[in-house]
Amino acid sequence: MKKYEIGLIGLSVMGQNLTLNIARNHSIAVYNRTKSKIRNFMENKVQNQNVKATYELEEFVSSLKKPRKIMLMIKAGKPVDLVIDSLLPYLEEDDIIIDGGNSHFEDTNRRLKNLNEKGIRYLGVGISGGEYGALHGPSIMPGGNENAYAEVSDIMENAAASTEKGACVSYLGPRSAGHYVKMIHNGIEYGIMEVLAEIYDYMRKVMQLKPVEMGNIFAKWNQEFDSYLVEITAKIMQKDDPKTGRKLIDLILDKAKHKGTGKWSVQSALDLGTAIPTINAGVNARLMSAIKTERVENSAQFASSSRPVVNKEELLPLLKSALYFASVIAYAEGFKLLKTASNEYEYNLNYKEIARIWEDGCIIRSGHLEPIQAAFAEDMQLNSLITARQFKSQLNAAADKIDKLITTAAQAGVPLTAIHSALDYFNSLKAEELPANLIQAQRDFFGAHTYQRRDQEGTFHTEWE
C-alpha cells in the first residue's frame with residue numbers, strides 16, 4: 001500500500017487549494033469531517049494521482065509515511081483541539097502535527113506543551129496569501145519544534161511563493177513564534193487597509209472623484225509602491241456590477257467584518273506595553289463600521305458638514321504622501337511589537353528574514369519590504385523603522401504634507417483616524433518631551449502614586465492640598 005508524504009485535514013477553499021499546491025511536488029492524503037466535501041473535491045478539483053482521499057481518521061493516519069506529518073487547515077479555537085484529540089489514539093512518538101490556521105499564539109503554546117509531553121511534535125504555522133496564494137504560493141511562517149520543521153521544510157519550500165532570494169518561508173522560532181508573526185502580519189494588514197479606505201473616502205467626499213478616476217490614481221501610484229493592497233484597491237474601483245452596470249464599490253454596504261487577528265494584535269500590544277495606534281485605528285474602524293444602524297440614526301440628527309473647496313491637482317500628491325507615510329508607520333508599529341514580543345517570549349526573531357518572506361505571497365507584500373530588510377541588515381536591534389536611514393528623511397517630508405489633508409477632512413466631517421494616528425505616533429516618537437509629567441502629577445494628587453523629578457534622583461510624593 002502506497003504511503004503518502006503528508007496529510008491534510010480540512011477541505012475548505014484554503015485547504016483544497018493548499019492540497020493542490022502541495023500535490024504538484026509531493027504525495028498527500030486528505031480527510032474532512034464532512035464526507036461529501038471530500039468526494040466533491042476529488043471529483044471536481046483533483047487531477048493528480050498524488051492526492052489520496054480518505055474517509056476515516058484511522059485510514060487517513062495509516063496512509064502516511066512515518067513519522068507522520070499532518071497539517072490542519074481548520075477554524076481556529078476549539079475545533080483544533082477536538083481534531084487533535086481525535087488524532088491522538090492513532091499517532092505514535094515523533095509524529096508531527098502542523099496547525100496552518102490563524103490560531104491564537106497562546107493556544108499554540110499550550111498545544112505544543114501538551115503534545116510534547118505525549119512525544120508528538122508540533123508546528124504552529126501562519127499562512128498568508130488568501131485563496132490565490134494557497135494555490136499558487138503563499139508566504140509561510142512556521143514556528144515550534146525546529147527538528148519537526150527540518151522534516152517538512154522541503155514540502156513548505158516547494159509550496160511557498162518564491163523570489164530571487166528564495167522561498168517565502170523560514171523557520172521563525174520556538175513555540176508560538178510562527179503564529180505570533182502571522183498575527184502581527186494581519187495587524188499591519190488592518191492598518192494599511194484602513195489607510196487606503198480613508199484615502200478613498202477623502203477622494204469621494206472631499207474631492208468628488210468617481211471610482212474609475214480613483215482606480216486610475218491608485219494604479220498609477222502602485223507603479224511606485226508595488227503593493228498588493230494598493231493593486232487590488234485599483235482593481236476594485238474599476239469593477240462593474242453585472243446586475244446594475246454600476247460600479248460595484250458603490251453598492252457594497254459599509255460594514256466590515258474581522259476574524260480576530262487584528263484584535264489579538266492590539267490586545268497583545270496592550271499586554272506588552274507597546275503602542276500601535278495605526279493598527280489599533282484599523283481595528284476600531286471596523287468596530288465603528290459594524291454599528292451601521294446607529295450611525296444612520298445619528299447622521300439624521302446632525303447637519304452635514306460643508307465640503308471645503310480644494311485643488312485636486314494640489315491634493316493628489318499629498319494623498320500619495322499620506323499613503324506612503326501611514327503605510328510605513330503601520331510596518332514600523334508591527335516590527336516594534338515583534339521586537340518587544342521576541343524579547344518577552346524569547347522567540348529570537350530575525351526581522352530581516354521576516355521582511356524577506358513577506359516579499360511575495362502574502363497580503364502585505366509591497367516595495368517597502370526591501371528597504372525594511374536593508375534597515376535590519378544594518379542594525380538588527382533597530383528600535384524603530386522611523387529612525388532607519390531608508391525611511392527617516394522621507395517620513396519627515398511626508399509628515400509635513402499631511403496637515404492640509406487633516407484640516408480639510410475635518411471641515412468635511414471625514415474621519416482620517418489611521419492617518420491621524422500614524423502622524424501622532426510619529427510625532428510622539430520624535431518628541432523630546434511629552435505631557436506625561438502632568439499625568440504623573442494628577443495621579444499623585446488623587447492617588448498618591450508618586451512621581452520622579454528632573455532635577456533629583458528618587459521617588460517623590462506631594463501633599464497637594
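Figure 1. E151 is partly exposed, at a relative accessible area of 32%. The side chains of R121 and E151 form a salt bridge, N to O 2.9 Å (a salt bridge is a side-chain nitrogen of Lys or Arg within 4 Å of a carboxyl oxygen of Asp or Glu). R121 belongs to strand β6 (residues 121–128) and E151 to helix α7 (residues 146–159), so this pair ties together parts that lie 30 residues apart in sequence. Helices (H or I, at least four residues) and strands (E, at least two) are DSSP runs numbered from the N terminus.

Figure 2. D107 and R110 are both located in helix α5 (residues 105–117), 3 residues apart, which is about one turn of the helix. Their side chains meet in a salt bridge of 3.4 Å, N to O. D107 counts as partly exposed because its relative accessibility is 24%; R110 also counts as partly exposed, because its value is 34%. A network of salt bridges links D81, D99, D107, R110 and R111.

Figure 3. A salt bridge joins the side chains of E433 and R454 at 3.1 Å, N to O. This pair links distant parts of the chain, 21 residues apart: E433 is in the loop between α19 (417–429) and α20 (436–447), and R454 is in the segment after α20. E433 is exposed, with a relative accessible area of 53%, and R454 is exposed as well, with 68%.

**Figure 4. The setting of the close-up views.** The structure contains 24 salt bridges in total. The protein has 20 helices and 9 strands. Buried residues account for 51% of its 465 residues. The C-alpha trace spans about 80 × 70 × 45 Å along its principal axes.

**Notes to the figures.** Residues are numbered from 1 along each chain as its sequence is written, and side-chain values use heavy atoms, with hydrogens and water left out. Because the model is predicted, local features need pLDDT of at least 70 and side-chain atom pairs count only at pLDDT 80 or more, whereas totals for chains, interfaces and linings use all residues.

How values were computed: Buried < 20%, exposed > 50% of the residue type's maximum accessible area, 1.4 Å probe, protein only.
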